[in-house]
Amino acid sequence: MSDTPFGFGLPPEEPDDGDEGKKKDQQSGGGQGPANPFGFGGLPGAGGFGGPGADNPFAAMFGSLNPSDLGAAFQQLGQMLSYEGGPVNWDMAKQIARQTVSQGTADGTKDASVGPSERTAVQEAVRLADLWLDDATSLPSGAASAVAWSRAEWVEATLPAWKELVDPVAERVGTAMGDVLPEEMQAMAGPLIGMMRSMGGAMFGTQIGQAVGVLAGEVVGSTDIGLPLGPAGKAALLPVNIETFGKDLGVPKEEVRLYLALREAAHQRLFAHVPWLRSHLFGAVDGYARGIKVDTAKLEDVVGQFDPQNPEQLQDALQQGMFQPEDTPEQKAALARLETALALVEGWVDAVVHAAAKPRLSSADALRETLRRRRASGGPAEQTFATLIGLELRPRRLRDASRLWASLTDARGVDGRDALWHHPDMLPTASDLDDPDGFVHREQIDFSELDKMLGEAASGGGSAEKPNLKKDDDKGDDAE
């Protein structure tokens, strides 16, 4: 990610180089002094405020910016201070994400429009992947269409999901900004609080936008982080990122594309035919977020020293992280539910894709291990989200979950394994990942008889007693 991820200035289209670029980098980083309090160093022609009058940003701006650049700078500052929307300025987030994408990735790879041949290759890969998955899972195809996205298209398509994930935490920060002042001072400081909330929305928008933009340079599809980020029923792959991903693997490009299409198509089947799963996952994220507390001591310190001419103070506080999980049984249970849910989704996909690819692709084992390591380690954008919302969206127990699903396949067959997705209470818990053999051979709840009897009762078929359903006591609320 950029060395100045929290500046308000839009990233330049091309990185600076030479001595002037070095000077700019040294003087535009995250509020390191009075040389650049407003973070406009990224604007074209700003010169990094490195010339005469650097201690006076307005003199520097008038001395180095042409009128159009100066107008853009003040327009952006005005938009930031006048924002009156929700807890995150999503217009700014989208703008920053698109600008970050336009810069290209650290390895120099630029975004590009997807051509007809690449679109056809993705569609054919997803079609073939769905045929292979028919033998590996009882869940039918969930992809009504297959699309090839550029990085910019990925940003546009996934922002609604990011909004759903981030807004709850950002709302807590916005509320905390008003609560840190004594009650008798809040009425007097109303305009200041309003400005701080507007700036807080801009800060979150800037950070989220940059993180989404960087993540767009890393992902290969719409389900890389285990959550359905794209529109329902649309399997999506990013050809430019697939090219980068497979560059040094020594595997034919067609095999890499097909293996990634298998993963995308498997995710689509799961989310399309397990109707409660999306809300279960997003609800687990929201439940965890509700238990996060804002470090009010740090926030009070920021507010007490707040200088309206140095808004990057708030950015620095966000960068350092102001979120701490509550050390309560409820919060620990929420974290366990979330981590287990992510692990079960990714473990199922890993097991199903391996079963489909192993007999057909010589590179299946190598690609599987590469994806596992990549998923477990995360990347800089995921680390940014962890700082912003106090949560790492990574399945810590992916390998355990994959082994459990594979054991279930051996013991119960494909249909018996996939039947566990019929209801959240039937899924393995965190303790089941510790004892997969015990779970595999344990008698499970069978909802089929109950559903049949309830259906008969609803249609006037007479009364029926509720069947005796066996369930282990230790399933508990952790499976919810």
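Leu159 is placed in helix H6; helices (H or I, at least four residues) and strands (E, at least two) are DSSP runs, numbered from the N terminus. The model is predicted, so local features need pLDDT of at least 70 and side-chain atom pairs count only at pLDDT 80 or more, while totals for chains, interfaces and linings use all residues. Residues are numbered from 1 along each chain as its sequence is written, and side-chain values use heavy atoms, with hydrogens and water left out. The chain has 20 helices and four strands.

**Surroundings of Leu159**

- With a relative accessible area of 11%, Leu159 is buried (buried means under 20% relative accessible area, exposed over 50%, partly exposed in between, with a 1.4 Å probe and protein chains only).
- Leaving aside residues up to four places away in sequence, Leu159 touches Trp90 and Lys94; a contact means heavy atoms within 4.5 Å.
- Between Leu159 and Ile208 the separation is 49 residues in sequence and 9.8 Å in space, C-alpha to C-alpha.

**Whole chain**

- Of the 480 residues in the chain, 52% are buried.
- Among contacts with a separation of 6 or more, 79% come from residues 24 or more positions apart.
- The chain has an accessible surface of about 21600 Å², and carbon and sulfur atoms account for 50% of that surface.
- Accessible areas come from the Shrake-Rupley method with a 1.4 Å probe, and for residues only the protein chains shown count as cover.

**Helix H15**

- Helix H15 (residues 364–377) has 14 residues, which at 1.5 Å a residue should span 20 Å; the end C-alpha atoms are 20 Å apart, in agreement. The expected span is 1.5 Å times one less than the number of residues in the helix.
- The buried residues of H15 are Ala364, Leu367, Arg368, Leu371, Arg372 and Arg375. They cover an arc of only 135° around the axis, which puts them on the same side of H15; the arc is that of the directions from the helix axis to the C-beta atoms.

**Salt bridges**

- The whole structure contains 21 salt bridges, each defined as a side-chain nitrogen of Lys or Arg within 4 Å of a carboxyl oxygen of Asp or Glu.
- Glu156 and Arg98 meet through their side chains in a salt bridge, at 2.6 Å from N to O. This pair links distant parts of the chain, with Glu156 in helix H6 (residues 151–179) and Arg98 in helix H4 (residues 90–103), 58 residues apart.
- Glu156 is partly exposed at a relative accessible area of 33%, and Arg98 is partly exposed at 37%.
- In the salt bridge of Lys253 with Glu243, the closest N and O atoms are 3.8 Å apart. Lys253 lies in helix H10 (residues 253–273) and Glu243 in helix H9 (residues 239–245), so the pair ties together parts that are ten residues apart in sequence.
- Lys253 counts as partly exposed at 41% relative accessibility, and Glu243 is partly exposed with a relative accessible area of 45%.
- Asp350 and Arg372 form a salt bridge with the closest N and O atoms 2.9 Å apart. The pair links distant parts of the chain, Asp350 being in helix H14 (residues 329–357) and Arg372 in helix H15, 22 residues apart.
- Asp350 counts as buried at 3% relative accessibility, and Arg372 counts as buried at 12%.
- Not counting residues up to four places away in sequence, Arg372 touches Asp350, Leu398, Arg399 and Ser402.

**Aromatic pairs**

- The structure holds three aromatic pairs. Rings of Phe, Tyr and Trp (its six-membered ring) pair if their centres lie within 6.5 Å; planes under 30 degrees apart count as stacked, over 60 as edge-to-face and the rest as tilted.
- The ring centres of Trp348 and Trp421 are 6.4 Å apart and the planes are at 85°, so this pair is edge-to-face.
- Trp348 lies in helix H14 and Trp421 in the loop between helix H17 (398–418) and helix H18 (430–434), so the pair ties together parts that are 73 residues apart in sequence.
- Both Trp348 and Trp421 are buried.
- One aromatic cluster is formed by Trp276, Trp348, Trp405 and Trp421.
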